[in-house]
Amino acid sequence: EICGTPGYLAPEILQCSMDDEHQGYGKEVDMWSTGVIMYTLLAGSPPFWHRKQMLMLRMIMNGDYQFGSPEWDDRSDTVKDLISRFLVVDPQQRYTAHDALAHPFFQEYDVEEVRHFSPFRKFKVICLTVLASVRIYYQYRLVKSVTKDLVVRDPYALKPIRKLIDACAFRTYRHWVKKGEAQNRAALFENTCKAILLTLAAEEGLF
């Protein structure tokens, strides 16, 4: 019985499932899966895939994969070489973990820099970016177009205009105009005489 995701299975696992007298497999299968994962991360697609699973398993058994274009055009030869040493059908010829760490691909990086790398911090930044993008999108969808009819009909429904009205009311009446039957924001437009008198008084320097 085959255990695991078919696309990540090493050839010896498939051989073991088909042959009862097979000697089995060891930790070399993990290095094969490592090669499949690296290939998938860099190319965006697995090295072994076919819509017919039988053909896909045959590709794995034969080690039939390619570094196709355009996915691999801008990838270095160093990483291609490392992956090709992982995806070797013969487990005895396949790279071990120690061999991989000694490969030039890993020698390019400083060990201390890798240790201080925080995937959680990077993941947090990605989450915050997604949340901000969603918020901006919904704010854009919910925004109302400002028209002359809307301003005349209900000027207090628009926050910028409401703040402008409050500021003008405070300058005119020297206190905040509150909602209510006796006193509301509409008084700013109704009591124009008082506004004119206050303007004249200010020009005369009476207060």
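1. Ground rules. This is a predicted model, where local features need pLDDT of at least 70 and side-chain atom pairs count only at pLDDT 80 or more, while totals for chains, interfaces and linings use all residues. Numbering starts from 1 along each chain as its sequence is written, and side-chain values rest on heavy atoms, with hydrogens and water left out.

2. Overall make-up. We have 12 helices and 0 strands; these are DSSP runs (helices H or I, at least four residues; strands E, at least two), numbered from the N terminus. Of the 207 residues, 24% count as buried, where buried means under 20% relative accessible area, exposed over 50% and partly exposed in between (1.4 Å probe, protein chains only). The accessible surface is about 16,000 Å², with 57% belonging to carbon and sulfur atoms; the areas come from the Shrake-Rupley method with a 1.4 Å probe, and for residues only the protein chains shown count as cover. Take contacts (heavy atoms within 4.5 Å) between residues at least 6 apart in sequence: 46% of them join residues at least 24 apart.

3. H2 against H4. Helix H2 (residues 28-43) and helix H4 (residues 77-86) pack at about 145 degrees, their axes 8 Å apart. Axes here are lines fitted to C-alpha atoms, for helices over the stretch in contact, and angles run from 0 to 180 degrees between N-to-C directions. The H2 and H4 crossing is left-handed, that is, the near helix is turned anticlockwise from the far one by less than a right angle (clockwise would be right-handed). From H2, Met31, Trp32, Thr34, Gly35, Met38, Tyr39 and Leu42 meet Val79, Leu82, Ile83 and Phe86 of H4. That contact divides into 9 nonpolar, 2 polar and no charged residues. The classes: Ala, Val, Leu, Ile, Met, Phe, Trp, Tyr, Cys and Pro are nonpolar, Asp, Glu, Lys and Arg charged, and the others, Gly among them, polar.

4. The buried face of H4. Val79, Lys80, Leu82, Ile83 and Phe86 are buried in H4. They fall within an arc of 160 degrees seen down the axis, so they line one face of the helix; the arc is that of the directions from the helix axis to the C-beta atoms. These buried residues pack against H2, helix H5 (97-101) and helix H6 (104-107).

5. Met56, Leu57, Met59 and Ile60 are buried in helix H3 (residues 53-62). They sit on the same side of H3 because they cover an arc of only 155 degrees around the axis. Turned away from that side are the exposed Met54, Arg58 and Asn62. The buried set packs against helix H1 (11-18) and H2. Just after H3, check Gly63, with its positive phi of about 65 degrees.

6. H1 against H3. These two pack at about 115 degrees with axes 8 Å apart, and the crossing is left-handed. Pro11, Leu14, Gln15 and Met18 of H1 make the contact with Leu57, Ile60 and Met61 of H3. By class that is 6 nonpolar, 1 polar and no charged. In H1, Pro11, Glu12, Ile13 and Leu14 are buried, and the buried residues of H1 pack against H2 and H3.

7. A closer look at Gln15. This residue lies in H1 and counts as partly exposed because its relative accessibility is 30%. Leaving aside residues up to four places away in sequence, Gln15 touches His22 and Met61. Gln15 and Met61 are 46 residues apart along the chain, with their C-alpha atoms separated by 8.1 Å.
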